[in-house]
Amino acid sequence: MAEDLLIIKTESKEEQYQSLIPQIQALISGEDDLIANLANISAALKEQFGWLWVGFYLVKGEELVLGPFQGPVACTRIKSGKGVCGRSWQEAKTFIVEDVDKFPGHIACSSASRSEIVLPIVIDGDVFGVLDADSAELAQFDEIDELYLNQIISFIKA
């Protein structure tokens, strides 16, 4: 069963990612359904790191629309350029926000969110969606997260 594949590690952040990445690959290998794969990626990241919220927003026309996620209820639609997710989509750039209260235009889907990382998912040269992770702690995310989360989103096929 898939849930038997996930082994939670408690070493350094880098070692946690190095253990988790092959497990995510195993979870999604052979599965062609995008939503199923995004759901399992979200669940694996939430289980490993215990972040407040982790999930995906997918580009649908002129908006990002909520996709699979783990955590409290979330904003359903985000316009291009709005908040951290909308800026990541618009600029095709990763944003690491140490304190969301200091990010101009931050959209507070949860008042418990203190820091955030958002990475664009680029497929065939276009931003297809974003991976968004929120933490209840300040300055939770850094370049290590960016490096390994980029590896994880490289597995996503539309």
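Which residues does UniProt list for "domain: GAF"? The unreviewed entry gives residues 42-152. UniProt positions follow the numbering used here, feature names are shortened, and annotations may be inferred rather than shown by experiment. The model is predicted, so local features need pLDDT of at least 70 and side-chain atom pairs count only at pLDDT 80 or more, while totals for chains, interfaces and linings use all residues. Residues are numbered from 1 along each chain as its sequence is written, and side-chain values use heavy atoms, with hydrogens and water left out.

The span 42-152 is 24% helix and 37% strand. Its end C-alpha atoms lie 11 Å apart. Helices (H or I, at least four residues) and strands (E, at least two) are DSSP runs, numbered from the N terminus.

Helix packing comes next. Two packed helices are described by the angle between their axes and the distance between the axes. Axes are lines fitted to C-alpha atoms, for helices over the stretch in contact, and angles run from 0 to 180 degrees between N-to-C directions. Helix α1 covers residues 13-28, and helix α2 covers residues 34-49. Their axes come within 10 Å and cross at roughly 155 degrees. The two helices are therefore roughly antiparallel. Angles over 145 degrees count as roughly antiparallel, under 35 as roughly parallel, 65 to 115 as roughly perpendicular and the rest as oblique. The crossing of α1 past α2 is right-handed, a term used if the near helix is turned clockwise from the far one by less than a right angle, with anticlockwise being left-handed. From α1, the contact (heavy atoms within 4.5 Å) draws on K13, Q16, Y17, L20, I24, L27 and I28. From α2 come N37, N40, I41, A44, L45, Q48 and F49. Nine of these contact residues are nonpolar, four are polar and one is charged. Ala, Val, Leu, Ile, Met, Phe, Trp, Tyr, Cys and Pro count as nonpolar, Asp, Glu, Lys and Arg as charged, and the others, Gly among them, as polar.

Helix α1 also packs with helix α4 (residues 143-153). Here the angle is about 5 degrees, and the axes are 10 Å apart. This makes α1 roughly parallel to α4. On α1, the contact is made by K13, E14, Y17, Q18, I21 and I24. On α4, I144, D145, Y148, L149, Q151 and I152 take part. The residues of this contact divide into seven nonpolar, two polar and three charged.

V118 lies in strand β5 (residues 115-123). With a relative accessible area of 0%, V118 is buried. Buried means under 20% relative accessible area, exposed over 50%, and partly exposed in between (1.4 Å probe, protein chains only). Not counting residues up to four places away in sequence, V118 touches V84, C85, S88, K93, T94, F95, V130, L131 and D132. R87 is 31 residues from V118 along the chain, with 9.2 Å between the C-alpha atoms.

Loop residues were also examined. V73 sits between β2 (63-70) and β3 (77-79). V73 counts as exposed, at 70% relative accessibility. V73 and F155 are 82 residues apart in sequence and 26 Å apart in space, C-alpha to C-alpha. A92 belongs to the loop between α3 (83-91) and β4 (95-97). Phi of A92 is positive, near 50 degrees, in a residue other than glycine. A92 is partly exposed, at 46% relative accessibility. A139 lies in the loop between β6 (126-135) and α4. Not a glycine, A139 has a positive phi of about 50 degrees. A139 is partly exposed, with a relative accessible area of 45%.
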